[in-house]
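Have the viewer open and follow along.

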Amino acid sequence: MKNHLFYNVGRHALGLLLASIAATAQAQNPIISELFTADPTARVFNNKIYLYPSHDIKAPAGQRQDWFCMADYHVYSSENLVDWTDHGVILSQENVPWGKPNGYSMWAPDCVYKNGKYYFFFPNAPKNGMGFGIGVATATNPAGPFTCLPQPIKGISGIDPCVLLDDDGKAYIYWGGMGIRGAKLKDNLTEVDGELKEVKFPKREGQTQEMPPMKVAGDEMKGLPEGFKEGPFAFKKDDKYYLTFPWVRKENGTETLAYAMSDNPLGPWNFKGIIMAEHANKCWTNHHSIVNYQGQWYLFYHNNAYSPDFDKNRSVCIDKLNFNADGTIQEVKPTLRGVGISKATKPIQIDRYSSISGDAKVDYTFRMMPQMGWQVALKKGATVRYNDVDFARVQPVAVVRAQGNGTIAIKVNKKQIATMDVNAVRMSEEYTATKAIPEGVGDIEVTCLSGDVQIDWMRFLGEKEEMPKAPLLEDYFEKATSATAAPDEDGFIRRWLLLEPISKKTMKEYSSNLSFSYEFMPKELEKEYYPGQFSKFPKDGQKVKIAATKQTVQWHALDSKRFNTKLFRFASGMKKQMYSVLFWATTIIDCEEEHQNVRLAAGSNGASMWWLNGEKVLTLESDRRMVKDDGMSNRITLKKGRNILRVAVINGPGMSDMCARFIDEKGNAITDYTLKTK
């Protein structure tokens, strides 16, 4: 294939890159990946969409670890529903005068504009008493700063406030708690319009005592179905009022999104049915808002796609919503693709597909780190399509981050523009020239022609973007041609015999560096991978067969150009697997005199184990970053003559390198020895 090259980016570095652009470059569901966001209220202000979600966080010590935990609110904005800007925190629990500063109860909010100000409504646990209050904060800008009023709205005890501004200027507030309630607000939007009523609420399951009567605002909304309901969102369309809400329609079930209609803002309501069914992955909650933007209605909702094993960490999604001629709402089927037009020059997550066919499936790129996103796996004949891509100002060069061993065809608007050989055993970026791509909005289609391929994302070079230079082996190493070498001036060993990486892609422990514990390391590294592993010194060019993986790998005598030996670049330069691998390295240390009471000072990116003359002297476990002298052995002896130093380095989903030197009792580097590879 012409103009084909590899360009490899470490998974850790890529994760940081994607996290840094996630709020401004997401066009697929979920739309925000750098934070967990839930309960999204979308509003149109100044011809922009402003999104006010809640913010799920990890529960601190002392809080329930199995429950929702929320301490602040962010606000996002977008003009195209694709590029989302995070305007930062607009309100934190410690800034609520009447709220509990460590309540972690800042659940679903809302925001509306009236009287020249923006009114932000939010629930919180009060300093004194039980339950929830509904607070108000105001600002002159939809992104804040917001100033919190000293007291919550009197007469409202509940969660998930929503405010409807009617065409005549009147305002209505709805909230959840003991059913869904609603009330008219005064013109100042901070007080209920009407007398408070004494209501006796029924005893809830688990309560030992009946609740005393309370003076509360408004009324329970009539005409809604039986079953648990919360999170109301009300809006008006064509003189009809809609009350939408999460609803558990089955015993011990999970939440749907449902709705009712009325001719009046406070009902009575005529229940109509489902907007969105229960989540397929059993996420217990859903919460939403509905908005018309530039002539199209949209449903904002949440799921736990980035946290499949803990549904209290959720993420916001968007899909289009449509109405029937009689005003009823068509059920929304959640999509991966989401909405909006994606820019071809930014990473397009084609696993968030528009359509898929053949032997294809989507799964997490790293199962133990679901926030890293997904990949689509294609076998021969399988196709994935992603629609609405803007190809303005692109070069005819496709960039695909993929792994596997096969060939894919890339089409734009059903016209084949390129074929690509994917022969990276682990994820890497591959560049290939394409045929000319017409400007405009079109679809991308990828078909697997042979083998099997897993694709993380793809994009196209921008018109002024230069193709990066692929790292080469000679950028980091040179062939060891001299008979001997010396440690560098700081004592670091740069001459090594390096064994091509041993694949561990089938072992789940290698999907996370956190698995490399002191318990795991000996079991994994002290076993024999090939005959003579610890008893014979290898030769440059020697090939060995790894019985467990049926690989044949080769030894290479190399001098590192850096004090830290870049094993990741050794693998990429050899066109070998770079992630989820095990590296072996060894060298001969030839001493003219014996050195007693010295220490091996080593570091590794990834975990490592070190042997001197057959004795294990140092283990560096877990998710390490390569640091000089990160670990030190006990006092050891470099004997006169030949000493053999061996190291095994484990690499999971990141880069890998290692460094080593010997230091004396005063911490000075030992340099009076020679290094050999035979």
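Lys 527 is partly exposed, at 37% relative accessibility (buried means under 20% relative accessible area, exposed over 50%, partly exposed in between, with a 1.4 Å probe and protein chains only). This is a predicted model, in which local features need pLDDT of at least 70 and side-chain atom pairs count only at pLDDT 80 or more, while totals for chains, interfaces and linings use all residues. Residues are numbered from 1 along each chain as its sequence is written, and side-chain values use heavy atoms, with hydrogens and water left out.

**Salt bridges**

- Lys 527 meets Glu 524 in a salt bridge, 3.4 Å from N to O (a side-chain nitrogen of Lys or Arg within 4 Å of a carboxyl oxygen of Asp or Glu).
- The structure holds 33 salt bridges.
- Another of these pairs Lys 114 with Asp 187, with 3.2 Å between the closest N and O atoms.
- Lys 114 belongs to strand β6 (residues 110-114) and Asp 187 to the loop between β12 (180-185) and β13 (197-199), so this contact ties together parts that are 73 residues apart in sequence; strands (E, at least two residues) and helices (H or I, at least four) are DSSP runs, numbered from the N terminus.
- Lys 114 is buried, with a relative accessible area of 13%.
- Arg 249 and Glu 278 form a salt bridge whose closest N and O atoms are 2.9 Å apart.
- Their pairing links distant parts of the chain, 29 residues apart: Arg 249 is in the loop between β17 (240-247) and β18 (256-262), and Glu 278 in the loop between β19 (270-276) and β20 (289-293).
- Arg 249 is partly exposed at 36% relative accessibility, and Glu 278 is partly exposed with a relative accessible area of 23%.

**Aromatic rings**

- There are 35 aromatic pairs in the structure (rings of Phe, Tyr and Trp, the last by its six-membered ring, with centres within 6.5 Å; planes under 30 degrees apart are stacked, over 60 edge-to-face and the rest tilted).
- Phe 45 and Tyr 50 make a tilted pair, because their ring planes stand at 40°, with the centres 6.1 Å apart.
- Both Phe 45 and Tyr 50 are buried.
- Phe 391 and Phe 460 pair edge-to-face, at 5.5 Å centre to centre and 75° between the planes.
- Phe 391 is buried at 1% relative accessibility, as is Phe 460 at 0%.
- A cluster linked by ring pairs takes in Tyr 52, Tyr 73, Trp 98, Phe 120, Phe 122 and Phe 146.

**Charges over rings**

- Arg 352 places its charged end over the ring of Trp 374, 3.8 Å from the ring centre (NZ of Lys or CZ of Arg within 6 Å of the ring centre and within 35 degrees of the ring normal).
- Lys 628 has its charged end over the ring of Phe 563, 4.8 Å from the centre.

**An antiparallel sheet**

- Four strands form an open sheet with antiparallel pairing, in the order β2-β3-β4-β5 (two strands pair if DSSP finds at least two bridges between them).
- The edge strands, β2 (36-45) and β5 (85-92), each pair on one side only.
- Strand β4 (residues 72-78) runs antiparallel to β5, and five bridges join them.
- Tyr 76 stands opposite Asp 86 in β5.
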